[in-house]
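Work through the following exercises with the structure open beside you, and try each task before you read its solution.

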Amino acid sequence: MGREEVAFFDQPVVDQRHGYMAAGLVARRFPDRPELVRAALLHDLGKRHARLGVVGRSLVTGLAKMGLKRLVNRRGGRADLYLRHGELAASELSELGAEPLVIAFARSHHTRRPPEIDAGDWAVLVSADR
């Protein structure tokens with residue numbers, strides 16, 4: 001089993017399912033684009049470091065959207081790790097030797113399209129992530 005595979009299966013089942021479903025949607029649309037499928041599959045790897053359940057994730061996300069993340073967030077705490085899961089996933093994927101597109105999507109999937117990802121590819125990936 002490769003290191004990316006180990007990292008994928010180290011995620012909670014809910015995150016594995018989400019990645020698998022997103023990757024399936026991308027694969028059906030673009031079966032000849034394995035890097036897009038891998039980007040969809042691995043983009044949330046960083047969430048596992050926060051060790052938050054559904055309730056904790058919902059609370060942190062809600063507070064952050066209301067501009068109140070300071071109420072639960074301290075640097076290096078679980079809320080901070082969850083809110084930075086894209087950055088953490090990108091760093092980990094980079095260390096594992098993932099393709100630039102895979103790394104860029106992990107880093108940016110909750111923000112704006114980075115210049116290294118084509119607008120059409122971005123639209124497919126973001127749609128699959130929903």
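**Exercise 1.** Against which helices do the buried residues of helix 7 pack?

*Solution.* Bear in mind throughout that this is a predicted model. Begin by picking out the buried residues of helix 7, which are Leu 101, Val 102, Ile 103, Ala 104, Phe 105, Ala 106 and Ser 108. Next, look for the partners of these residues, and you will find that they pack against helix 3, helix 6 (85-95) and helix 8 (119-129). Finally, since 7 of the 9 residues of helix 7 are buried, this helix is largely enclosed by the rest of the structure.

**Exercise 2.** Describe how helix 3 and helix 7 cross, and which residues make the contact.

*Solution.* First consider the geometry: the axes of helix 3 (residues 34-42) and helix 7 (residues 100-108) come within 8 Å and cross at roughly 35 degrees, and the crossing is right-handed. Then list the residues that make the contact, namely Glu 35, Leu 36, Arg 38, Ala 39 and Leu 42 from helix 3, together with Leu 101, Val 102 and Phe 105 from helix 7.

**Exercise 3.** Is Arg 57 buried or exposed, and with which side chain does its own side chain make a polar contact?

*Solution.* Locate Arg 57 in helix 4 (residues 54-65). Its relative accessible area is 11%, and because buried means under 20%, Arg 57 counts as buried. The side chain of Arg 57 makes a polar contact with the side chain of Asp 15, at 2.6 Å. Leaving aside neighbours within four places in sequence, Arg 57 is also in contact with residues including Pro 12, Val 14 and Tyr 82.

How values were computed: Residues are numbered from 1 along each chain as its sequence is written. This is a predicted model: local features need pLDDT of at least 70, side-chain atom pairs count only at pLDDT 80 or more; totals for chains, interfaces and linings use all residues. Side-chain values use heavy atoms; hydrogens and water are left out. Axes are lines fitted to C-alpha atoms, for helices over the stretch in contact, and angles run from 0 to 180 degrees between N-to-C directions. Helices (H or I, at least four residues) and strands (E, at least two) are DSSP runs, numbered from the N terminus. A crossing is left-handed if the near helix is turned anticlockwise from the far one by less than a right angle, and right-handed if clockwise. Contact means heavy atoms within 4.5 Å. Buried means under 20% relative accessible area, exposed over 50%, partly exposed in between (1.4 Å probe, protein chains only). A polar contact is a pair of N or O atoms within 3.5 Å; within protein, one must be able to donate a hydrogen and the other to accept it, and residues adjacent in sequence count only if both atoms are side-chain atoms.
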